[in-house]
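Please look over the structure shown here before reading the briefing that follows.

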Amino acid sequence: MKGYKVTDAKWTKIVGIAANSLSELVLKGCKKLNITFCEGIKAVLHDGTEVDSESYFKTLPSQSLLIIQEPGKDVLTGANLIYNALTLLNLECLKAGELVNQFFTENIKEKVRELAKVLDEEDGDKTLVSKKVEDPEWFAGLDTNSTTKEDFMFRRCQDRIRGYLYKSKSDITKSKTYNQDFVAKTNLLKSFQYFSSQLQKDKHFGFYFDRSSKKAMCNNKGDFYCMGPWNEEKCLHGEKGHIINPYQSREARIVFSTWNLDHWIERSRSVLPALLNASELVKDGNYEINNEYFYSLLFTSKNLKLVHIVCHDKGEHKTAKCDPLLTICKLDKKSKSKS
């Protein structure tokens with residue numbers, strides 16, 4: 001049994017519960033949130049992804065936040081949070097009311113552009129402040145034990161990287177290769193054991209978002225620069241490209257959650273199919289899956305580009321593919337003899 005956090009579709013309140021199954025979580029969540037349980041109730045993640053099976057539920061880490069969604073009700077996602085942030089900023093355009101709300105909801109890219117303009121003009125006198133006691137507004141609405149902005153951002157980046165691990169494992173276990181080829185399944189399990197162990201050593205790369213780290217993707221002030229679409233060397237937006245500092249304000253932090261860590265060589269279309277193929281090739285005992293190569297593609301900045309939502313191209317990255325010569329490697333005889 002693990003602990004989770006649940007909220008309703010409007011994020012009215014967040015409560016903690018313990019559950020050992022998806023069905024138990026939904027039942028307990030409904031009771032604590034005063035929601036009448038009925039057929040069609042779902043549990044979804046903050047980005048709207050439905051947790052549709054017990055097996056997927058078991059991949060979620062402790063303290064994951066799930067939204068109990070009643071039939072016919074829309075959940076409050078990241079897009080809605082940005083609109084709420086715009087409301088807090090009292091933009092003149094919001095005086096148009098529901099029509100503008102509809103406009104922003106239907107066109108998230110324009111919405112983010114509009115908010116970015118406001119953030120550029122926002123007073124940044126608390127940007128360099130780190131502690132919660134010094135800038136409590138930055139932490140408003142967060143259910144976190146973090147006492148500094150850096151620690152919170154570190155953990156949020158870890159969550160993203162963990163998400164790649166859980167989603168990749170879930171996708172692999174649903175594959176025909178994993179379920180019908182015992183040798184391939186054994187190879188894949190070894191790969192994910194390696195990934196989990198190595199991620200622990202690398203602290204799930206939380207330092208990518210931690211401005212106090214020398215390995216951060218931002219400068220020491222916390223400015224993040226969009227790296228541009230997957231097929232470009234840099235962001236082509238304006239003279240400087242898209243820039244954001246999530247340490248600046250609560251609104252900037254919310255907007256930054258819409259920025260993507262985009263796999264240049266795509267995780268679902270290229271990396272995982274190549275991993276499955278490699279698991280089938282390694283059967284004679286002289287070769288093994290090149291786990292270091294796949295690890296670098298799934299979790300490291302060698303294959304991850306931080307991009308503004310406008311620069312996130314969800315189409316197929318046709319010219320960015322795995323190198324078939326690197327997917328497997330010869331088994332080291334010394335390590336083989338030891339094992």
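In this predicted model, the buried residues of helix 11 are Asn291, Tyr293, Phe294, Tyr295, Ser296, Leu297, Leu298 and Phe299, so that eight of the nine residues of this mostly covered helix are buried. These buried residues pack against helix 6, helix 8 and helix 10, and also against strand 7 (260–263), strand 8 (287–289) and strand 9 (304–307). Helix 11, which spans residues 291–299, also has the highest mean pLDDT among the elements of the protein chain, at 98.

**Overall make-up and confidence**

- The protein chain has twelve helices and ten strands, and 46% of its 339 residues count as buried.
- Among contacts between residues at least 6 apart in sequence, 65% join residues that are at least 24 apart.
- The mean pLDDT of the protein chain is 85, with 83% of its residues reaching 70 or more, while helix 12 (residues 333–338) has the lowest mean value among the elements, at 44.
- The pLDDT is below 50 over residues 334–339, a stretch that has three contacts in the model beyond near neighbours in sequence, and it is also below 50 over residues 89–96, where there are 14 such contacts.
- Where pLDDT is low, the predicted coordinates should not be read in detail.

**Helix packing around helix 8**

- Two packed helices are described by the angle between their axes and by the distance between those axes.
- Helix 8 (residues 182–201) packs with helix 10 (residues 267–281) at an angle of about 125°, the axes being 8 Å apart, which means that helix 8 is oblique to helix 10.
- The crossing of helix 8 and helix 10 is right-handed, and in their contact Ala184, Asn187, Leu188, Ser191, Phe192 and Phe195 of helix 8 meet Leu275, Leu276, Ser279 and Glu280 of helix 10.
- By class, the residues of the contact between helix 8 and helix 10 divide into six nonpolar, three polar and one charged.
- The axes of helix 6 (residues 149–173) and helix 8 come within 12 Å and cross at roughly 175°, and helix 6 is therefore roughly antiparallel to helix 8.
- On the helix 6 side this contact is made by Ile161, Leu165, Ser168, Lys169 and Ile172, and on the helix 8 side by Leu188, Phe192, Phe195, Ser196 and Leu199.
- The contact of helix 6 with helix 8 has seven nonpolar, two polar and one charged residues.

**Arg253 in helix 9**

- Arg253 is found in helix 9 (residues 250–256) and counts as buried because its relative accessible area, 10%, is under the 20% cut-off.
- Not counting residues up to four places away in sequence, Arg253 touches Trp138, Ala140, Leu142, Phe152 and Pro246.
- The C-alpha atom of Arg253 is separated by 9.8 Å from that of Lys149, although the two residues are 104 residues apart along the chain.

- Most residues other than glycine have a negative phi.
- Lys203, although not a glycine, has a positive phi of about 55°, and the phi of His204 is likewise positive, near 55°.
- Lys203 lies in the loop between helix 8 and strand 5 (224–225), and His204 is found in the loop between helix 8 and strand 5.
- Are these residues buried or exposed? Lys203 counts as exposed at 53% relative accessibility, whereas His204 is buried, with a relative accessible area of 6%.

Notes
Residues numbered from 1 in each chain as written. Predicted model: local features only at pLDDT ≥ 70, side-chain atom pairs only at ≥ 80, totals over all residues. Heavy atoms only, no water. Axes fitted to C-alpha atoms, helices over the stretch in contact; angles between N-to-C directions. Helix = DSSP H or I, 4+ residues; strand = E, 2+ residues; numbered from the N terminus. Parallel < 35°, antiparallel > 145°, perpendicular 65-115°, else oblique. Left-handed = near helix turned anticlockwise from the far one by under 90°. Contact = heavy atoms within 4.5 Å. Nonpolar A, V, L, I, M, F, W, Y, C, P; charged D, E, K, R; others polar. pLDDT = per-residue confidence, 0-100. Buried < 20%, exposed > 50% of the residue type's maximum accessible area, 1.4 Å probe, protein only.
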